[in-house]
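Subject: Structure handover

Hello,

Here is the structure you are taking over. Please open it alongside this note.

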Amino acid sequence: MTELAERLARRTLALVDVPSESRNEAAIVEAIGSSVPAAFDSVDQDDSCLAYLPATRRPDVPLVLLAGHVDTVPIAGNVPGHREGDTIVGRGAADMKAGVAVMQELMADAAAGALSTEVDVGFLFFGREEVSTDEGALVPLLERRPELAAADLAIMLEPTANALEVGCLGNLVAAVHVEGVAAHSARPWLGDNAIHRAITALASIADLPVRDVEIDGLVFREVVSVTRIEGGVAANVVPDRVEATVNLRYAPNHTPRDAESRIRELLGHHAVEVSIVSNAPPGPVAVRDPLVERLRRAGDLEVRPKQAWTPVAEFAQADIPAVNFGPGDPQYAHRDDERVEVAALVRSYEVLRSYLAGGHAAGDVGA
């Protein structure tokens with residue numbers, strides 16, 4: 001294993017070993033903040049956020065932000081992490097402490113003057129990404145720091161298995177309430193079975209085919225799923241109420257209002273009550289942006305649609321083009337055996353260093 005690979009592996013494992021479930025990020029924010037090189041000016045250290053820009057910003061030079069969330073989904077016996085050969089295993093290894101480790105390595109390079117290029121680079125670390133967007137820390141950060149909102153591109157080091165994933169799906173969550181009339185299950189005709197009514201109402205969603213939406217040659221897949229259902233009080237009682245959760249993932253060519261209309265259209269004619277719990281907008285496809293094309297060329301990257309929601313949508317709200325590119329493999333995100341390959345860490349680092357260092361061939365950098 002090269003010296004670079006060993007450093008990246010150690011950085012990732014050290015981050016995994018700091019518990020940082022959403023809303024409890026103080027320890028990892030402190031750990032990251034204590035390791036930031038003095039060459040960077042701290043722009044913000046508040047509300048589970050760390051933001052850094054170069055001490056001297058060059059006029060008329062694009063600003064690229066590398067961004068990563070520091071929180072994870074709940075721990076499931078997988079912290080502290082461990083190494084299995086050339087693999088780091090533990091909560092957050094894929095999503096997305098691997099990406100944060102790559103950011104730390106690049107910060108060290110930048111502080112040493114190794115990234116003096118055609119762009120300036122800043123670094124954002126933020127919490128509460130794995131919970132509702134209503135609680136997210138990124139949007140308030142961008143609102144209170146206009147120098148960050150002036151960025152020309154943001155690269156989220158989300159797990160993409162080192163592909164360039166553009167855009168992201170919108171994420172709507174709706175609560176469906178079905179009312180009935182309670183009765184003895186021996187005389188159900190005296191009541192109105194809310195579960196039976198819910199089956200009828202939700203069947204249209206269960207049978208709904210995937211809807212493919214092509215944008216700039218990339219196919220996003222719109223899907224609707226019933227993700228939770230609860231009802232009934234006893235084995236011998238016809239239930240009078242059912243509550244279900246419905247999740248719609250929708251393509252970047254649709255607005256949040258479009259998504260709400262679609263959910264109500266799918267369920268409205270069944271005389272059920274639909275309330276919107278949350279609705280995170282999609283992220284636009286920034287594949288035509290010149291800075292994005294430079295990134296693609298830096299590693300000859302495969303370009304794919306992001307079949308999930310990520311904070312690229314929140315950057316878009318601040319008029320910052322954004323894409324996803326990171327070392328984690330999405331298939332391991334949130335799993336109890338979450339992991340990342342050290343080779344993937346090296347690949348992600350080399351591509352980004354090539355991009356930020358002015359076009360050196362990926363693979364020619366790092367010791």
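This is a predicted model: local features need pLDDT of at least 70, side-chain atom pairs count only at pLDDT 80 or more; totals for chains, interfaces and linings use all residues.

Residues are numbered from 1 along each chain as its sequence is written, and side-chain values use heavy atoms, leaving out hydrogens and water.

Cores. The largest nonpolar core holds 89 residues. (Such a core is a set of buried Ala, Val, Leu, Ile, Met, Phe, Trp, Tyr and Cys residues joined through side-chain atoms within 4.5 Å; buried means under 20% relative accessible area, with a 1.4 Å probe and protein chains only.) L66, L124, F125, I155 and F315 have the most contacts inside it. Apart from this core lies another, of 21 residues, including V246 and I263. Back to L66: beyond its neighbours within four places in sequence, its contacts (heavy atoms within 4.5 Å) include M103, L106, I155 and L352.

Helix α3. This helix (a DSSP run of H or I, at least four residues, numbered from the N terminus) covers residues 93–111. Of its 19 residues, 16 are buried, so α3 is largely enclosed by the rest of the structure. Just after α3, G113 has a positive phi of about 80 degrees.

Cysteines. There are zero disulfides, counting pairs of cysteine sulfur atoms within 2.5 Å. For C49, the nearest cysteine sulfur is that of C168, 18 Å away. That is too far for a bond. C49 is buried, at 1% relative accessible area. C168 is buried too, at 0%.

Best wishes

Definitions and conventions
Buried means under 20% relative accessible area, exposed over 50%, partly exposed in between (1.4 Å probe, protein chains only). Helices (H or I, at least four residues) and strands (E, at least two) are DSSP runs, numbered from the N terminus. The expected span of a helix is 1.5 Å times one less than its number of residues.
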